[in-house]
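Hi everyone, thanks for coming.

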Amino acid sequence: MTDTKLNYIAGAWTKGISEIENRNPSDLSDLVGMFTQASPDDLQRTLDQARVAQAEWAAYGMERKQAVLMSIGNEMMERAEELGILLSREEGKPIAEGKGEVYRAGQFFTYYAAECLRQLGENADSVREGVEIDIRREPVGVVAVISPWNFPTATASWKIAPALCYGNAVVWKPANATPASAVALTEIIAKQDVPKGLFSLVMGSGGTIGQQMVESPKVDAISFTGSVPVGKGIAAAAIQNLTKVQMEMGSKNALAVMDDADLDLAVTLALGGAFGGTGQKCTASSRLVVHADIHDAFVEKLVAGAKAMKVGHGQSDGTQLGPVVSAQQLKENLAYVELGLSEGAELACGGVRLDMEHDGFYMSPGVFVNTNNDMRINREEMFAPLTCVIKVASYEEALAVVNDTNFGLTSGIVTQNLARATHFRRNARTGVVTVNLPTAGTDYHVPFGGRGDSSYGSREQGKAAAEFYTTVKTAYISAGTPL
Ligand code: NDP
């Protein structure tokens, strides 16, 4: 019998109206846990208490806030191994990736701990004589964080840490596919010296509790990461209350491989970018745009590399690719394989369901060749261990293909030609661009976000996060009676 994990509402662990079970996608016989689901009343209480707690928290001194964030970050980094295993158990990624994610999540907290002390404003002279202007940032208020399952701890942390840093209350709805990591992070935050209800965990499905959150006039700002259709629905709900909204919704990232590229480097970057996290990354290299002169040699090595990748149980030594997250995701991935074949693409390797020792959602990494950029497999986010090679005749054509997408999160080029690298860096229409590096993998102290359907609202991470989690106040001050 497993104890059901509870929501954390108004400073107390609280049972909801129903519960869900969470199983390990590497081995469905492994029950990760049972998790409660919030009621509409739970959500209302959470939002009401968050409003009270936020005012108290905003009045805390900078160093007190800093200490809280530092303590959360340090504990996450110290417990990265243990929490990484838990993350691996519920999401499926190999332990090394789970551990790396938890450690990185800790770094978001320590980074924003330092930012607590760096809240500088601006001042100016007025056009009116004897008047000075003080421009400062104040908290937005109550922030709803809605996070996905693919980076359950890191994505949530890069939203929660700046929200708290800048003086806001947080109400967090994690993805129902990964509640265990959410409870673990909440347990760490619940130990801190913060007002009751400043931070709440509200588990429940997106369609019920998530939808109620985004429709609530008690929410001042919503930070969301997930799919485009859900993002558009959230934006539509938010606008009814003029709630501030920020969304990151995935992409169709391209890695351009030029004829002058270091071939081995290009293959390594493509394999890591396409299949890291089992392809379930918003920054995944799902289009490989390859110059004709290097195409055949690149494809040969890429396919050999993909075939050699070890697919296995996320918690087994040597696993490079874990299972995909759910039965639904596996079904959609296999449907994309069928779609690609029906569109005329050729499957050079992989893309099939694998029967392994344990019952789980396994599939082999797949490489499509002979594809063109008009195919749906090159236009829709598959979120799968699948990548598509597109052959091009020139750098100019490569750049045009890279930019021919509704998305625009990341793009990369592999080249030894400085002029091309520079031109690409300046002309690729994405929020993140890489040169001789994978399209996936970003730092935490600089802005992250994209263009087109990839993102909406201001950038996340680094100092850029202040734009979303604060509101600007301009004060005019006169000395009154002149001396
Ligand atoms: P969703 O967009 O459905 O889920 C993302 C988050 O939003 C989850 O916490 C979900 O809750 C919540 N949510 C769902 N519906 C609503 C709603 N109406 N109101 C408020 N919150 C809601 O993504 P999926 O998990 O279904 O994945 C589907 C596809 O989305 C993937 O295949 C991929 O293409 C894309 N995706 C992109 C991500 C990225 O990093 N940009 C991350 C995850 C997915 P719950 O899960 O509990 O229902």
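Before we start, one term: when I say that two residues touch, or are in contact, I mean that they have heavy atoms within 4.5 Å of each other. And please keep in mind that this is a predicted model.

Let's begin on the inside. In soluble globular proteins, nonpolar side chains tend to be buried together. Here, the largest nonpolar core has 79 residues. Which residues have the most contacts inside that core? They are Leu69, Tyr112, Ile160, Trp172 and Ile222. Two domains supply this core, with at least three residues coming from each: domain 1, which covers 4-249 + 445-475, and domain 2, which covers 253-435.

Leaving out residues up to four places away in sequence, Tyr112 touches Leu69, Ala161, Pro162, Cys165, Tyr166, Gln461, Gly462 and Ala465.

Now for the charged residues. How many salt bridges are there? The count comes to 23, and I've picked a few to show you.

First up, Asp30 and Arg89 form a salt bridge, and their closest N and O atoms are 2.9 Å apart. This pair links distant parts of the chain: Asp30 sits in strand β5 (residues 27-37) and Arg89 in helix α3 (residues 80-91), 59 residues apart. Are these two buried, exposed or something in between? Asp30 has 21% relative accessibility, so it counts as partly exposed. Arg89, at 23%, counts as partly exposed too.

Next, look at Asp220 and Arg51, another salt bridge, with the closest N and O atoms 2.9 Å apart. Asp220 is in the loop between α7 (206-215) and β11 (221-225), while Arg51 belongs to helix α1 (residues 40-58), so this pair ties together parts that are 169 residues apart in sequence. Arg51 is partly exposed, with a relative accessible area of 35%.

My next pair is Arg118 and Glu115, which form a salt bridge with their closest N and O atoms 2.9 Å apart. Arg118 is partly exposed at 42% relative accessibility. Glu115 has a relative accessible area of 3%, and because buried means under 20%, Glu115 counts as buried. Salt bridges can also join up: Glu75, Arg79, Glu82 and Lys191 are linked in a network of them.

Finally, let's turn to a sheet. This one is open, with seven strands in the order β15-β16-β17-β14-β13-β18-β19, and its pairing is mixed. Which strands stand at the edges? They are β15 (346-349) and β19 (432-435); each has a single partner strand, so one side of each is left without a neighbour in the sheet. On average, neighbouring strands are turned by 25° against each other, direction ignored.

Zoom in on β16 (residues 366-371) and β17 (residues 386-392), which pair in the parallel sense over four bridges. There, Val367 stands opposite Thr387 in β17.

Helices pack here as well. Helix α10 (residues 292-308) lies across β13, β14, β15, β16 and β17, running at about 145° to β14. Helix α12 (residues 395-403) packs on the sheet and touches β13, β14, β17 and β18, with its direction making about 165° with that of β14.

Terms used:
Residues are numbered from 1 along each chain as its sequence is written. This is a predicted model: local features need pLDDT of at least 70, side-chain atom pairs count only at pLDDT 80 or more; totals for chains, interfaces and linings use all residues. Side-chain values use heavy atoms; hydrogens and water are left out. A nonpolar core is a set of buried Ala, Val, Leu, Ile, Met, Phe, Trp, Tyr and Cys residues joined through side-chain atoms within 4.5 Å. Buried means under 20% relative accessible area, exposed over 50%, partly exposed in between (1.4 Å probe, protein chains only). Domain bounds come from an automatic or database domain assignment. A salt bridge is a side-chain nitrogen of Lys or Arg within 4 Å of a carboxyl oxygen of Asp or Glu. Helices (H or I, at least four residues) and strands (E, at least two) are DSSP runs, numbered from the N terminus. Two strands pair if DSSP finds at least two bridges between them. Axes are lines fitted to C-alpha atoms, for helices over the stretch in contact, and angles run from 0 to 180 degrees between N-to-C directions.
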